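Q: Please walk me through this structure, with the cut-offs spelled out along the way.

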Amino acid sequence: MIKLNTKIITNATKIIIMKSSINSKIVTAIFPLALVAALLPGCKKETNNSYEEYGAVDSLKASFTVTPVQGSSTKFILTNTTTGNFAGTYWNLDQGGGYTGGKATDTVFFPLAGIYNIKMQALDKRGHLYTAGPIAVTTTVNDPRYILKGGQMRTGDESYWSIFNQGPKNGIWALAEGKYTVTNNPNNTGIYQAVQLVGGKKYNVSISYVAKSYNSTWGEVWIGKFQPVNGSDYGANAPSSGNGGSSTPTFVSWASSTTALTEGTKTSTFTPGTSGTYYFTIKVGTGSSFSSVAVSNVSLYSDF
């Protein structure tokens, strides 16, 4: 009997150990789940407040004011009065340059008489733009320092320019969106207008351009004392016959291009030797072919 009880006790011990082992495994498997469950009530989804301070997407209401400068008919004060937290200001002064970054309050100058439809864009801190305007301002006088007419290439400005073509490939000029653009693959073509200049006085020349070309394309500004004519070049190789014996015109700005797309602004100076009538001439051409050349914001003005 003693032996029998020993076996029973021994077997019972084994059974107890086996059950403990099973329970241990069950506990081991359940514990991580219980731990996660216990921790979940304490976890909170973080709220992304990084945009809240900027307001809703459509929170900005873009607006601005235009105030004439007292005593001036060509200067105006622009003020961004947008409600909301704006981060930047862009002005479109209707001078052919589109929107450009500027100050929230700035003084602008319109040297030539005309009607200008001013627009403004306010930028929020996420990069959204909100547009206001246009507000029309009217100037009635030309600043005496500015010589050219129609240099901003606005609607109707083509009437101030005459067109000439050196060869049979006639350039087709069209004015739109603040640019005077020539197409039709001309050899040498140009636009010009007569100006009155004072001898010995320095004049500043500025021109903006975009050239979409397939091969070498050039653009040049010349100022000479004789008028360009069809069938003749206007530049260093201009013939003297038929021009009253006047000297060849002077190259004052721009340069050739050999890239597929060229865009920029060129500035230079010109000092005529004598007073009188001169012809401000813009000439473009190509060695092979081009898609188009557009000019804008052309000016000829003196500092005094």
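A: Helices (H or I, at least four residues) and strands (E, at least two) are DSSP runs, numbered from the N terminus. This is a predicted model, where local features need pLDDT of at least 70 and side-chain atom pairs count only at pLDDT 80 or more, while totals for chains, interfaces and linings use all residues. Residues are numbered from 1 along each chain as its sequence is written, and side-chain values use heavy atoms, with hydrogens and water left out. On that basis, the secondary structure comes to one helix and 18 strands.

Q: Which residue in the turn of the β1 and β2 hairpin has a positive phi?
A: Strands count as paired if DSSP finds at least two bridges between them, and β1 and β2 (75-80) run antiparallel with five bridges joining them. Two of the bridge pairs are T65 with T79 and P68 with F76. The hairpin has six residues between its strands, and the one with a phi of about 85 degrees is G71.

Q: Why is one side of β1 and of β5 left without a neighbour in the sheet?
A: These strands belong to an open sheet of three, antiparallel, in the order β1-β2-β5. β1 (64-68) and β5 (105-109) stand at the edges, so each has a single partner strand.

Q: What does the twist average from one strand to the next in the sheet with β4 and β7?
A: That sheet is open and antiparallel, with four strands ordered β4-β3-β6-β7. Its edge strands are β4 (99-102) and β7 (129-139), each pairing on one side only. Nine bridges join β6 (114-123) to β7, one of the pairs being M120 with A132. With axes as lines fitted to C-alpha atoms and angles running from 0 to 180 degrees between N-to-C directions, the twist averages 30 degrees.

Q: Is T82 buried or exposed?
A: T82 is in the loop between β2 and β3 (88-92), and its contacts (heavy atoms within 4.5 Å) beyond four places in sequence include L60, S63, M120 and A122. Buried means under 20% relative accessible area, exposed over 50%, and partly exposed in between, using a 1.4 Å probe and protein chains only. At 8%, T82 is buried.

Q: Which side chain makes a polar contact with the side chain of T82?
A: A polar contact is a pair of N or O atoms within 3.5 Å; within protein, one must be able to donate a hydrogen and the other to accept it, and residues adjacent in sequence count only if both atoms are side-chain atoms. The T82 side chain reaches the backbone nitrogen of S63 at 3.3 Å. Its side-chain partner, at 2.6 Å, is N80.

Q: Which side chain makes a polar contact with the side chain of D233?
A: D233 lies in the loop between β13 (217-224) and β14 (250-253). The residue is buried, at 15% relative accessible area. Its side-chain partner, at 2.9 Å, is K283.

Q: Which element gives the largest share of the lining of the largest pocket?
A: On a 1 Å grid over the protein atoms alone, a pocket is an open set of points where a 1.4 Å probe fits, with protein on both sides within 12 Å along at least five of seven lines; lining residues have an atom within 4 Å of a point. The largest one has 23 lining residues, with Q95, P111, Q152, N297 and S299 nearest its centre. Elements giving two or more residues to that lining are β12 (203-213) and β18 (290-302). The largest share, five residues, comes from β18.
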